[in-house]
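Q: I would like to learn how to read the features of a model such as this one. Please take them one at a time, with the general idea before the case.

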Amino acid sequence: MGEPAGIGGEIAIKAWLERKKYKLPPFFVIGDPHWLAAIDPQAAIREITAPSECAARFKLALPVLPLRLAKAALPGKPDAGNAEAVLAAIRVGVKLAKHGAISALVTNPIEKAVLYGAGFSHPGHTEFLAELTGATKPPVMLLACPASGKDPGLRVAPVTVHLPLAQAAAQIDRTRIIETARTVAAALAGDFGIAVPRLAIAALNPHAGEQGALGREEIEIIAPAVADLMGIGINAQGPFPADTLFHAGARRRFDCVICMYHDQALIPLKTIDFARGVNVTLGLDIVRTSPDHGVALDIAGQGVANPASLIAAIHMARDIARSRYDG
Amino acid sequence: MSGTEKQRPIVATSIGDPAGIGPEIVAKAWVTGEAHKLSRPVLIGSAHAMRKGVEIAKVKATVRVVNGLDGLSDNPEVIDILDDGALDPADFQIGQDSEAGGRANAAWLKRAEQMARNGEVAATVFAPVSSGSLKMAKALDVIMPVVPGESYLLLLSGPLRVMHLTDHMPLRKVCDTISEDLTYSALQTLHDTFTRWGMANPRIGVAGLNPHAMGKEDIESLAPGVKRAQAKGIRVEGPLSPDAVFRQCVESKYDAVLAMYHDQGHIAIKTWGFSGNCAVIVGPPYLSMTVAHGTAFDIAGKGIADHKMILNAMRMAGSMSSGSGFIEEMK
C-alpha cells in the first residue's frame, strides 16, 4: 500500500492496467479496497482472502488483500490516523513472504514524517524490514536502472545511506566497505544470475585522492578494503575516481559500483533515467524491491503519476525470486 | 561580413601538447570554418607541430606564422599561428611526454593568459596539455588553480551547465568550506558572468550538500545564501535534492546548477554526456576554456581523434565572449 495519500494506489492500478504490455507476473495489493476504488472508480478491483487466489483473479481484476484504513485517504494529505495501517501492510507483506505465501514483496513509498508521529523509529523502510525479517547483518540498498536499448543500465550500492555528507566521509570504514561489497557480490550471484560479479569500488575524494594530495581515505581505507576483497575471491577493483564510473562504457565493464555515500550513487541513477530506478534490499531472507521515488504528494490524485518505476520494481522482484527459488 | 554585424571577437587557441592529439584536432576543427563564423581564430603554439598536425589530419590548409593580431585571415584554409619559438621540434615524439613539450606549453599558456588579460584577445581555448610533460618541465603551476570565492570551474554539456563551488579539495574539507557568504558570492558571480555572456538572468538551481538537501549545511549556509541572492533579484532556487537537480537542468527547468563539490558536478556531467563537454574558469574577467578529454597519447598521430569537442569549445568561446550566449553543440 505505502502512504495512501501518495501516488502508490494510482501507480498500482496503472501497472495492473498495463499488465499485458509489460508481461507482469500476478501481483496483489495489500490495502483498503475502498481506497483504490476512490482513486479510480472505473478500476476492476477484486478482494481476495489469501495470496493463493491472486493468480486466478489477476487476469480480470486487480486483486486486493483487504486491510482497512482508519480514515478515508485524501490525496496529498497524509493522515497520522492511517499510520498504523501503513505499517500493518508492511508487516503483513513480510509475514506472507517469510511463510512462502508470496515470492516477493514490492513496497510502495511511505511518508516517514507521518509515521514518526505514530511511533515509527527507523531511519527508513529498509531498516524496518531488517527488523521484521530478523536480519543478522545490516541489509544493503541496491539501486538499479534496467538496461534498455543500447544503454547498459546501472547498479549502485551505497556503503552509507541517510547520513549527512560530513558524517559519511568521517565514518568511511574498511569493514563496512567489505561487508557491503560481500553482500552485493553474494546477491548478484544468487539473485541476479551473475556468476562472478565485477564490482567497481568508488573513491571518496576527487580524482581518487590523487595519491593523497586530495585526501587520504583512498590510501588508508578504501584501497586496503579492495585488497581484502580480492583476497577473499571477490572480483573488486578500485578505488576509482567516482566521475569516471558512470558513462555507458564504464557501466558495461562493471556489474555494480560500490559507492561511498548516498548522492554518489543517486546522482548517476537519477541523471540517467528519472523514471525507471528500482530499489532492492539485499541481505534479507525475503525478496523485496520498491520503486525509487517518493510519495509525490504534490501530484497525488491528479492521475498523472508514472508507474514505470513500480513496473520495473515488479519485474525485478520476479527476476530475483526466479533466480533465488528456481535456481 | 556585413557592415552592421558587430566585430567578431579574437579567440586564441593554444595547440596543447605537441605530442598529443591537440594539433591534429585543432587542424580538423579549423578547416571546417565553423569557428570563423563566430570568431576570428588564431593559434598559439609551434608552426612545425601544427604542420605535422595538418599532415596527420589529412586536411587541406597552410600554416602561416603571424607576428601580431592584425590582418588575421578569414580563409579556413589558412591557419594563422603565433609562434615564439618556445618548442624545439627535435625534442618531442608523438605519443610521449617531453620536457620540451611541457616547457613550450607553459610559455603558450602564459602568453595566452597575458593576451586575454590585456584585452588583445576576447577568449582563450586550450587544447589538451599533458601534466606529465608539465611535470618534467617543472611547470605544473601554470595550470590555474580554482580558488573558492575567486574562481570556479564551470562544465558545459548541452543544456547541463554546472558550476562548482569547490573543486580540488578533499571531501571532508568541502563540508567546512561551505558558507553563506561563499554561496552568495558564487551565485552573484554565476549570474553576472552568464549575463555578460549573453544569457541574461539565468535560472539557477543550487544543489544541496547532503542527501535530499536536508542537512545542517543546507539549512544554515546554503538556504540563507540563496535567500540573499534572491533578494538581489537573482533567479535562484535551492538548496535542492542533489540527486534531482541535475536531471531538472537537463530537462531545462534550470539554466545552470551550482554544485557543491567536484564529484557531485562531474558525476552528473559525465553520466549525462561523456563525449561532449568543455570547461570554463568563471571569475576572471576574460573567458578561458578547455576540453574535457586529455592528450590521448595512445591514438595521437593516427588521424582518428575526434575534433568536435575542441571545435565546440572554439565556437562556444567566440559566441560567449561576444555576449551572444550559449550555442547548440555540433554533433
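A: Start with a loop in chain B: B:H212 lies between β8 and α8 (216-231) of chain B, where helices (H or I, at least four residues) and strands (E, at least two) are DSSP runs numbered from the N terminus. This is a predicted model, in which local features need pLDDT of at least 70 and side-chain atom pairs count only at pLDDT 80 or more, while totals for chains, interfaces and linings use all residues. Residues are numbered from 1 along each chain as its sequence is written, chains are lettered from A and ligands numbered from 1 in the order in which they are written, and side-chain values use heavy atoms, with hydrogens and water left out.

Q: Is A:A208 buried or exposed?
A: A:A208 is buried, with a relative accessible area of 16%. This residue, although not a glycine, has a positive phi of about 55°. A:A208 sits in the loop between β7 (198-202) and α9 (217-231) of chain A.

Q: Which peptide bond involving A:P239 is cis?
A: The bond joining A:G238 and A:P239 is cis, with omega about -5°. A:P239 belongs to strand β8 (residues 235-240) of chain A. In chain B, the bond from B:G238 to B:P239 is cis too, with omega near 0°, and B:P239 is placed in strand β9.

Q: How many residues of helix α9 of chain B are buried?
A: Nine of its nine residues (242-250) are buried, among them B:F246 and B:R247. The cover over these buried residues includes α11 of chain A, as well as β7 (160-164), β8 (204-207), β9 (236-240), β10 (256-259) and α10 (262-272) of chain B. After α9(B) comes B:S252, with a positive phi near 65°.

Q: How is the size of an interface given?
A: The size is often given as the accessible area lost when the parts come together. Here the buried area is that loss (1.4 Å probe), summed over both parts. Chain A and chain B bury about 2800 Å², 66% of it on carbon and sulfur atoms. In chain A, the residues that lose the most area to chain B are A:L165, A:D243 and A:T271, together 24% of what that side buries. Contact, meaning heavy atoms within 4.5 Å, takes 31 residues from chain A and 28 from chain B.

Q: How many salt bridges are there between chain A and chain B?
A: A salt bridge is a side-chain nitrogen of Lys or Arg within 4 Å of a carboxyl oxygen of Asp or Glu. The count between the two chains is three. One of them pairs A:E217 with B:R172 at 3.4 Å, N to O. On the side of chain A that touches chain B, α11(A) gives the largest share, nine residues.

Q: Where is chain A divided into domains?
A: The bounds come from an automatic or database domain assignment. Domain 1 covers 1-135 and domain 2 covers 137-283. Their C-alpha centres lie 30 Å apart. Five residues of domain 1 are in contact with five of domain 2.

Notes:
Buried area is the accessible area (1.4 Å probe) that two parts lose on being put together, summed over both. Buried means under 20% relative accessible area, exposed over 50%, partly exposed in between (1.4 Å probe, protein chains only).
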